[in-house]
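Open the model in your viewer and keep the sequence panel beside it. The stops below follow one chain pair and then one annotated region.

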Amino acid sequence: MSTISSTGAGPPFGAGLPAAPDLRKKARPLETVIRTILMVSAFLSVAITVGIIFALIRPVIDFFAEVPFGDFFATEGTHAVLPLVGGTLMTTVIALLVAVPLGLGAAMYLSEYASRRARRVLKPTVELLAGVPSVVYGFFALSFVTPTLLQDILSLEVGFTNALSAGLVLGVMVIPTVASLSEDALTAVPQSMRQGSMAMGANRMQTTLRVVLPAALSGVAAAVVLGMSRAVGETMIVTLASGNLKNLSADPREDMQTMTGFIATTAGGENAVGSTSYNELFAVGMLLFLLTLVINVISIALVRRFRQVY
Amino acid sequence: MSTHPATASTRPANSEGREISMMTGLHGDAEREVPDVPPDPVMEALKLNVFYGDFHAVHDVNLSFGKHEITALIGPSGCGKSTVLRCLNRMNDLVAGARVDGEVTYHGQNIYARKVDPIAVRTQIGMVFQKPNPFPKSIYDNIAYGPRVTGMKVDNMDDLVEEALQGAALWDEVKDKLKQSAYGLSGGQQQRLCIARTIATKPDVILMDEPCSALDPIATSRIEDLMLQMRDDYTIIIVTHNMQQAARVSDRTAFFTARPDETTGNRTGLLVEFDRTSNIFANPADKRTEDYISGRFG
Amino acid sequence: MSVATSTAREVTRTVSTGRSKDKSLGSLVFLGALWFSLFFGVMVLLVLIVDTAIEGSPRFDSALITEYGSRVRPESTGFRAGILGSLWLMVFTALFAVPLGIAAALYLEEFADGDRWWNRLIELNLQNLAAVPAIVYGLLAVAVMALMGFGRSGIVLGGAIALALLILPVIIITTREAVRSVPQEIRQGSLALGATVWQTTWRQTLPSAVPGIATGTILGLSRAIGEAAPLIVVGLAGSVRFDPTGVMSEITALPMMIYSLTSNSQEEFRTAASAAIIVLLIMILGLNALAIYIRNKFQKTW
Ligand SMILES: Nc1ncnc2c1ncn2[C@@H]1O[C@H](COP(=O)(O)OP(=O)(O)O)[C@@H](O)[C@H]1O
Ligand SMILES: [Mg+2]
């Protein structure tokens with residue numbers, strides 16, 4: 001006690017204040033200016049979306065002034081877009097056939113089996129796959145998957161480029177997207193549900209498949225949908241490995257150009273600004289943007305629903 | 001422990017189960033004259049109501065805080081003590097969805113009036129929090145932060161830092177390591193640093209929200225001693241769920257409780273009794289106060 | 001405390017009894033499948049790197065990074081223009097995207113009232129932007145460039161705008177996470193001393209969030225440096241043979257050069273492309289290592 005009172009015996013401090021201090025609002029111009037700058041920056045993100053639509057709409061209008069709607073949404077013809085949609089659909093489906101089971105499997109292992117320490121090492125390892133540039137994946141599809149895996153090992157009759165090879169590699173690229181988001185969803189399922197299941201005598205596999213997975217379903221669905229968005233929008237793999245042929249076909253061994261592949265190939269070539277093929281680029285781009293927008297909104301809605309539950 | 005032998009030996013570490021009046025006596029405050037009503041009140045709350053969204057958290061609180069007195073707000077957890085305290089320096093403005101009705105006056109001015117600047121309010125009415133929250137900076141910079149951001153005119157910052165640390169009874173312990181991180185201090189020292197930090201901006205009123213609940217008994221008693229010293233210079237309002245603490249340090253006590261709403265079942269906090277601390281503990285007027293004081297939770 | 005330990009013990013017991021039942025064949029097959037899923041990706045990555053490295057090994061020479069691309073001497077074609085171009089693009093991308101992204105994130109975390117509809121709209125919009133295909137940002141950059149009167153020209157400015165737009169959502173999202181991890185108590189302590197919201201943000205929140213922001217930014221840049229699709233659309237060519245000199249300078253980028261070489265069937269070019277891929281992967285790995293280093297070295301644990 002003595003130490004305290006001796007140290008505290010300083011001069012009176014804070015005493016003698018005016019009876020009615022001034023509490024009136026002060027102008028803080030710096031504060032206002034900074035706040036405005038920050039707000040404008042945040043609103044810019046909305047401007048980007050609006051900007052995308054505006055950037056695309058002019059050439060699209062010009063395009064449809066020259067090419068009838070029916071010629072664009074057609075299965076055949078120079079301006080037909082449906083073969084491109086078909087190509088995108090084919091590579092996306094193949095990709096999801098690879099990425100969903102593998103991504104979900106990895107997620108289930110990470111959330112239900114791995115120790116906390118193992119997860120800290122393994123999760124970034126899986127995510128490494130997302131860090132590989134897509135042009136590298138495209139090169140890999142051409143230099144390894146098609147010649148070595150498909151032609152030599154599986155003895156498939158495929159050409160230098162084909163939808164199958166592109167789709168498979170695309171799937172590998174999408175694995176981390178599916179795995180990472182699914183893992184978040186599975187981990188968010190309350191521990192009490194697992195305990196309840198195990199207390200009733202279920203083993204880990206049964207608990208994972210019958211209790212945890214259904215409980216996390218909308219979160220896992222969001223992961224799959226976001227993976228789909230990635231596959232639809234990915235460009236370099238399909239540009240390099242899926243071929244440059246507009247081809248509406250159900251045979252994955254054939255060449256199939258996708259929407260993104262078309263944009264990259266056309267943009268890479270010589271097209272005068274304002275020419276029909278230049279405008280077609282934007283028409284396909286608009287379709288791609290709207291398609292992924294719908295997919296993304298579905299994914300966001302699913303995540304929201306999942307968050308509301310837990 | 002070894003640095004404060006006096007504290008450790010004169011005051012048993014744990015004071016549970018001892019008579020309240022005795023403990024008040026330990027500080028030699030039994031003789032302190034506490035007037036019937038708060039003397040020239042610095043702050044007053046008038047029909048204060050607080051809402052978090054639709055939830056009515058606090059109902060019709062009227063309080064008055066006497067100059068250079070220590071007022072304790074006690075009551076069961078969730079009865080709105082922190083909520084009331086945060087209203088007193090407009091910290092509730094920062095809670096999304098919080099709405100305040102009624103008046104809080106400071107030297108007669110309603111601090112919720114349109115033309116009042118909440119930042120000016122907070123420089124006059126400082127706050128110390130439950131968990132010590134020093135900034136991730138040096139001890140010196142922690143103290144200097146307030147004067148710097150408020151643009152206080154300071155002749156010599158070193159002197160101000162020393163003065164503030166002296167005022168919080170921390171100077172001797174830290175004077176050789178002012179440039180070291182505040183995170184190297186013990187919990188009790190961190191809390192006194194937070195008090196020093198508040199003192200440095202030369203406030204008039206200091207609000208403390210359970211300032212000792214995260215501290216051990218020795219650190220707690222040092223802060224209690226400090227509060228008694230600071231009473232000469234500041235008006236102090238402290239929230240505590242420790243009744244002995246209220247009895248030991250405060251001149252006046254406000255007892256709150258929470259009453260469930262008949263229709264919604266929401267527990268709305270209200271003020272039950274506000275009196276001199278000696279009265280609240282010796283002969284409470286309200287049955288609910290008596291039950292709470294005597295440990296029968298009401 | 002005691003409640004926590006007893007719960008923990010109970011969990012351990014449930015888990016261990018669960019494990020004894022996990023010995024059934026079905027369970028083992030299931031576990032094996034999960035293991036396979038986890039390591040499939042790693043195996044692919046390994047094959048990719050080894051295969052590419054072997055194919056590119058004849059070209060691990062200094063000419064690879066010091067020489068410009070050459071059609072006539074494929075055996076000593078180099079990627080100097082692409083490497084320099086990628087570095088330039090990275091710097092300008094960061095210059096555009098980082099201040100803007102941090103500003104937007106600070107507004108959303110520290111100033112915005114999350115209940116307002118427009119702030120919720122920004123939120124939704126950001127989540128969508130993070131998943132918009134990279135190539136669409138190329139189209140947007142073309143439009144922005146056209147507005148500024150440049151049209152489709154493969155210059156530093158266009159490429160950097162495309163990449164900055166691409167990684168802006170990433171930077172905003174990671175900055176928000178970093179800012180959010182700074183404890184509320186620090187803000188309250190500062191505000192209670194009479195600091196303004198901006199003073200609190202600038203002097204307390206932001207300094208504490210810097211490691212997280214740096215990590216997120218570097219990861220965003222490592223994504224940008226590997227992108228080719230938006231650059232194709234903006235009009236970058238694979239065949240630039242000079243060093244960049246300014247924002248209006250025509251450039252190429254390493255992924256662009258790799259792309260333009262893969263369509264070439266001449267063996268020497270494929271070898272060079274493989275070697276260039278290894279260079280690109282090393283650059284990306286370096287950035288990731290830097291990000292991890294910053295995170296581990298400077299990240300505060302509260
Ligand atoms: N930020 C907040 N948002 C919503 N409700 C709150 C918030 N803070 C406190 N409350 C509610 O207000 C009531 C009073 O809380 P509080 O003032 O913290 O009580 P005390 O400090 O007496 O324990 C409680 O029911 C609490 O749940
Ligand atoms: Mg409280």
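A salt bridge is a side-chain nitrogen of Lys or Arg within 4 Å of a carboxyl oxygen of Asp or Glu. Between chain B and chain C the count of salt bridges is zero. This is a predicted model, in which local features need pLDDT of at least 70, side-chain atom pairs count only at pLDDT 80 or more, and totals for chains, interfaces and linings use all residues. Residues are numbered from 1 along each chain as its sequence is written, chains are lettered from A in the order in which they are written, and side-chain values use heavy atoms, with hydrogens and water left out.

Select chains B and C. Here 24 residues of chain B are in contact (heavy atoms within 4.5 Å) with 18 residues of chain C. The two chains bury about 1700 Å² between them, 64% of it on carbon and sulfur atoms; buried area is the accessible area (1.4 Å probe) that two parts lose on being put together, summed over both.

Next, select B:Pro136, B:Tyr145 and B:Val149, which supply 29% of the area that chain B buries against chain C, more than any other three residues.

Then colour chain B by element. H5(B) gives the most, with four residues. Helices (H or I, at least four residues) and strands (E, at least two) are DSSP runs, numbered from the N terminus.

Finally, select residues 43-283 of chain B, where UniProt places "domain: ABC transporter" (unreviewed entry); such annotations may be inferred rather than shown by experiment. Over residues 43-283 chain B is 34% helix and 29% strand, and the end C-alpha atoms are 26 Å apart.
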